[in-house]
Amino acid sequence: MSSQQTAAVSESAQTRRAVGNILKGSAGNLVEWYDLYVYTVFAAYFQAHFFNSKDELQAGLEAMAVFSTSFLMRPIGAWFFGRYADRKGRKAALTLSVTLMSAGSFAIAVLPTQDVIGLWAMILLVLIRVIQGFSVGGEYGTSATYMSEAATSKRRGFFSSFQYVTLVGGQMLALLVLVILQNAMPKGDLTEWGWRIPFAIGGVAALVVLWLRRSMEETVSAEQIQAAKAPAAGEAQPGTMKLLFTQYWKPLLICIGITLGGTVAFYTYTNFILKFMNDTSGIAKTDTSVINFWALFIFMLLQPVYGIISDKVGRKPLLLWFGITGVLFTWPLLSTLAGTKDPFTAFLLMMGGLLIVGGYTSINALVKAELFPASIRALGVGLGYAIANSLFGGTVPLIGAAFQKAEREDLFFTYVTVAIAISLLVYIFALKNKKATHLDDEQGHAWDQAPTGSGKDKDSLGV
C-alpha cells in the first residue's frame, strides 16, 4: 500500500472515530437541552399549578422568572464541571451532568401542585430548576470542548456545529412533543395533567444517553489527568481558577464578549419568540407551535452548512455576518412581527432572525474552544459562556415578559440590538481569521498554511 493510500485509510479511520464520538456526545447534548427547554414550551399549560393562577400574565412572568433563576447556577455548574472535565476527563463530566438532568426531569414529572402542598410546590420547582441549571451549566463547556477535540482538524467547523444541531434539536423535540399532545389531548387534560408527560420523556431519554456515553473515547491525555493529581514543581494545576485567572483571563473576557450578543439573540429568536407571538402578535398557541417547530427544524439543518463554510473561509466572517446583520435587522424584524397576525408572515420573520443568528450558533463553541489550551479549556469555555448566558441570555424571557407587561416592546428590541452590537465590536477587534490556535497545535492544523508554534507562546486572540 502506498503512503498516499495509507494516509487516506488513516484519515477515513479518524473520520469514523470522530463521527462515533460526536454522535455519542451530541446525543447527551440533545437530551440536556430538551429537558431545559421543555419547561418554557409547556409553561403556559402548567404555570397555573405553581404560580399566581388569577392573573395569566403575572403567572407567565413568574414562570419565566423561575426559568431565569436556573441560569444563576450556570456559572457554578460551569466552574464545577469545567474543573472536573479538565482534571478527570470530559467523559466523566458529561456522564455526571446528564445524570443530574435526568433526575430533575423525573422529579418535575411527579411534582405535586400548589393545590396539594401549597407554596412548597413552587419552592420545589425552583429547587429542581436550579439543579438542572447547574447541570446544563457544565454541559455546554464540556460538550463544546469534547466536540472540538474529537473532530478532525480540517472539519472542525462542521463537526462542532452539531453541538447546536442537538441544542436546537432539543428545543425542536420539545415543540414536537407539544404539537403532538395539543392534537392528541383535549386542552383541559393537557393543562390538568398532560404537561407532565414531556418531563417523563426527558428523564427516560437521559437514561439512554447515560448508557451511550459510557462508550465515548476520552480526549484528555493521561499526562494531563496525572498533572491534575500531582503537578510538577512550579506549574499550575490543570482546570484551576488560579491558572485561568492568572494566565488566561484575557481569552476569558473575550469568551464572555463573544457570547453576550449571541446568547441574547439566540434566546430571543428560539425561546422568547413563542411567548412574543402569543401575547404581543396575538397568534394562536397552536399556530405558534407549528411556526416554531418548522423554523427551528430548518435552522437546525443549517448549522452544519454554516460549519462547512467556516472550514473554508474561517470563523470570523460568520461572526461578522451575525453581528452586522443583527444590528441592522433586529428592529425591523421584531417590530414587524409584533404587528402581524398572519402565521406565514410570522414564520418568515422568525426564519429571517434565525438565518442571522446561525452565523453565531454554528461555530461559537469552536471559536471559544480555540481560545484555550487543553489544560484549562473546559473551565474557560464553560465559565465564559455561563457568565454571559446567566446575565444576558437566561434573562431574555424575563426581560421580554416585563417589557410586554409594560407595553414597551420597543425597549426590548433596543436591548437585543445593543447586546449584538457589543459582541460585534469583540468580533472586529479581538479576533483574527485563520490564525493557528491552541487546538491546532494539539489536534492538527485546520488551515493548510497555518503557522506553527507552541500553544504557550501563542496569541490567544487568534481565531
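**Helices and a nonpolar patch in a predicted model**

Helix H9 (residues 162–184) has 23 residues and at 1.5 Å a residue should span 33 Å, which agrees with the 31 Å between its end C-alpha atoms. The expected span is 1.5 Å times one less than the number of residues. This is a predicted model, in which local features need pLDDT of at least 70, side-chain atom pairs count only at pLDDT 80 or more, and totals for chains, interfaces and linings use all residues. Residues are numbered from 1 along each chain as its sequence is written, and side-chain values use heavy atoms, without hydrogens and water.

**Overall make-up**
- The protein has 22 helices and zero strands; these are DSSP runs numbered from the N terminus (helices H or I, at least four residues; strands E, at least two).
- Of its 463 residues, 57% count as buried (under 20% relative accessible area; exposed is over 50%, partly exposed in between; 1.4 Å probe, protein chains only).
- In H9, 17 of the 23 residues are buried.

**Nonpolar patch**
- Val116, Ile117, Leu119, Trp120, Ile123, Leu124, Leu127 and Ile131 make a nonpolar surface patch of about 740 Å².
- Patch residues have over 30% relative accessible area and no salt bridge, with nonpolar side chains (Val, Leu, Ile, Met, Phe, Trp, Tyr) joined within 5 Å and like charges within 9 Å.
- A salt bridge is a side-chain nitrogen of Lys or Arg within 4 Å of a carboxyl oxygen of Asp or Glu.
- Helix H6 (114–117) and helix H7 (119–150) each give two or more residues to the patch, and H7 supplies the largest share, six residues.
- Leu124 lies in helix H7 and is partly exposed, with a relative accessible area of 30%.

Terms used:
Areas by Shrake-Rupley, 256 points an atom, 1.4 Å probe, with all protein chains shown as cover.
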